[in-house]
Amino acid sequence: MSWSQPQQVEGPHDQMAILVGSAIQLLRGESGVFVVSNEAFDPQSSTEYTLYQLSKIALPALLAYVQEGMQPNSLHPLVVENLAPDLAHQMGLAEEAIAGHGVEWCSLAVYDEVGPLGTLYFLRPGNLRSCFERQVADEHEALEYNALHLFVTQLATSLRIALRSQALVKEQDRLAAIFQHSTEGILTVDNALRIIDFNPAMQRLTGWRENEVLGQFYFKVLRPKDRQGNDLGLQDSVILQAFAGQEVVNRDMIICARDGQRFSVAVTASCVRSARGEPMNGILHVHDLTREHQQEEQRSTFISVISHELQTPIAIIKGYASTLARTDARFDAKTIRSRLVAIEEEADRLNKLVGNLLYASRIQANGLQMDITALDLERVVRGMVRRLRAKAPDVQVSVLIPEHLPVVMADRERIEEVLQNLLDNAVKYSPRHPEVTVACYVTGEEVIVSVSDTGMGIALREQEQIFDRFHRVGEPLSQSTPGAGLGLYICKAIVEAHGGRIWVESTLRQGSTFSFSLPREEKAPLPMVVF
């Protein structure tokens, strides 16, 4: 770390540079290096502070040179010797300085009552002496030693404080990184139970932003309930129990997200106390149990899909086929046709479900293959909208496509499948008089397609999981709608295989907008206006 006197101290390293640089100047030196002793500091953090125009090439040579000489100690804290001219030249010192009074290398042991802190090595002109090295009468030698000793101990004290400050800053940065990047939600409160810290994992968990909850009563933000869904009173506060000295570890409860959705968590509460044992802060670790519950539920979900989604069309097909096969009954042509149409529809439904299951298996096995070519996306979108209007004439569909929509690189069949899934969902999950809007947007590198509906919407917490395999939104309408929870999972796999993105923006009971992007065949010249 090169040293020149900074105008402003910004951190522990600057403090070290100023302290050591000032010490070198007081000792009439011009350049040098301070080596921290391993015994004085953590060996993993010990370092060399290179000061004032000492080159990286010169540093090893100087340190090797001084290692061979007499090392300073508490009895002889300052060792001074003449520097060999060839080494002085190697260090890049001025020719006139070498030819004049020569150059001295000096070693100063830095220590205090605690023990040795390190050694200060510095260079100075041969004709200069510091005020701590003046030649005095013999009776004053003890006083002279005391002056140098006081200087060394004062320097050691200041450096030790700077090193501890540096260690504290590193520890603070480490703890802050743990707090910020922890996958567990962490919330801290003061002794009045007001929120003072709210880490990013907690923000993702609850939907609240840190600046919205700071200073708020944590009970008001989390609205905790027991496992049966009954509101917990303040007397049941886990932080108050931690304040009272009780152990609170992995306590199961339910908390509420910003949008009112409830989810199960396991909380651990702890207390930070003052030196007198009084509670100062409470810390709440929140572990979301949703994933664990989902994994448990997924074991039965697949069986449920097989038993319901597969058995239902099989039962209908068998029932109609058995009816038509009766020899004791005669049916007119219209009745026979309606039964056969129903059999065909259920067979198609069964075929689609089995196909999706096989499709999901291929995705899991990384077996998804694409035939990517230049694709006119506008033609594909309008074609899929025509199909929807023919299939569901009561659905109001709007199309918003800008002029001269760029060509994209995509597999036509796969993109039609994505659009078909999104359009079907928009109709299925809109309870009455569905209104669907299909829009395209253009950026410099991609084209974005969005499908919006005015249906039931998706809760904030479920939006991250909506693209998971077998996941279905936990709303009554969603649960009663046929499906295996594979459509969006397949859409995500197809879009990402194209190098695009897929996401959802939704408000509960107000509708959803699913969007996906595809790369353009030709990038737009800059500057590009985003529509």
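Is Glu-446 buried or exposed? Glu-446 is buried, with a relative accessible area of 17%, where buried means under 20% relative accessible area, exposed means over 50%, and partly exposed lies in between (1.4 Å probe, protein chains only). The model is predicted: local features need pLDDT of at least 70 and side-chain atom pairs count only at pLDDT 80 or more, while totals for chains, interfaces and linings use all residues. Residues are numbered from 1 along each chain as its sequence is written, and side-chain values use heavy atoms, with hydrogens and water left out. The topics below are an open sheet of 5 strands, salt bridges and the largest cavity.

- The open sheet has the strand order E12-E14-E15-E17-E16 and mixed pairing; helices (H or I, at least four residues) and strands (E, at least two) are DSSP runs numbered from the N terminus, and two strands pair if DSSP finds at least two bridges between them.
- Strand E12 (396–400) and strand E16 (502–507) are the edge strands, each pairing on one side only.
- From one strand to the next, the twist averages 15°.
- Strand E14 (residues 435–442) pairs with E12 in the parallel sense over 5 bridges, and Thr-437 in E14 stands opposite Ser-398.
- Helix H12 (residues 377–391) lies across E12, E14, strand E15 (446–452) and strand E17 (511–519), contact meaning heavy atoms within 4.5 Å.
- H12 runs at about 170° to E12; axes are lines fitted to C-alpha atoms, for helices over the stretch in contact, and angles run from 0 to 180 degrees between N-to-C directions.

**Salt bridges**

- The whole structure holds 15 salt bridges, each defined as a side-chain nitrogen of Lys or Arg within 4 Å of a carboxyl oxygen of Asp or Glu.
- Glu-446 and Arg-501 form one of them, with the closest N and O atoms 2.5 Å apart.
- Glu-446 lies in strand E15 and Arg-501 in the loop between helix H15 (487–497) and E16, so this pair ties together parts that are 55 residues apart in sequence.
- Arg-501 is partly exposed, with a relative accessible area of 41%.
- Arg-124 and Glu-104 meet through their side chains in a salt bridge (3.2 Å, N to O).
- Because Arg-124 lies in strand E5 (residues 116–125) and Glu-104 in strand E4 (residues 103–111), the pair ties together parts that are 20 residues apart in sequence.
- Both Arg-124 and Glu-104 are buried, and a network of salt bridges links Glu-104, Arg-124 and Arg-129.
- Within helix H12, Arg-382 and Glu-378 lie 4 residues apart, about one turn of the helix, and their side chains meet in a salt bridge (3.2 Å, N to O).
- Arg-382 counts as partly exposed at 34% relative accessibility, and Glu-378 is partly exposed with a relative accessible area of 27%.

**Cavity**

- The count comes to 1 cavity of 30 Å³ or more; on a 1 Å grid over the protein atoms alone, a cavity is a set of points where a 1.4 Å probe fits but cannot get out, and lining residues have an atom within 4 Å of a point.
- The largest cavity has a volume of about 50 Å³, a volume being the space filled by probe spheres set on the points, with grid points joined across faces, edges and corners.
- Residues lining the largest cavity include Tyr-218, Phe-219, Leu-222, Asp-236, Met-253 and Ile-255.
- Helix H8 (218–222) and strand E8 (248–256) are the elements that give two or more residues to this lining.
- H8 supplies the largest share of the lining, 3 residues.

Definitions and conventions. 1 Å grid on protein atoms, 1.4 Å probe; cavity = no way out; pocket = protein on both sides within 12 Å on 5 of 7 lines; lining within 4 Å.
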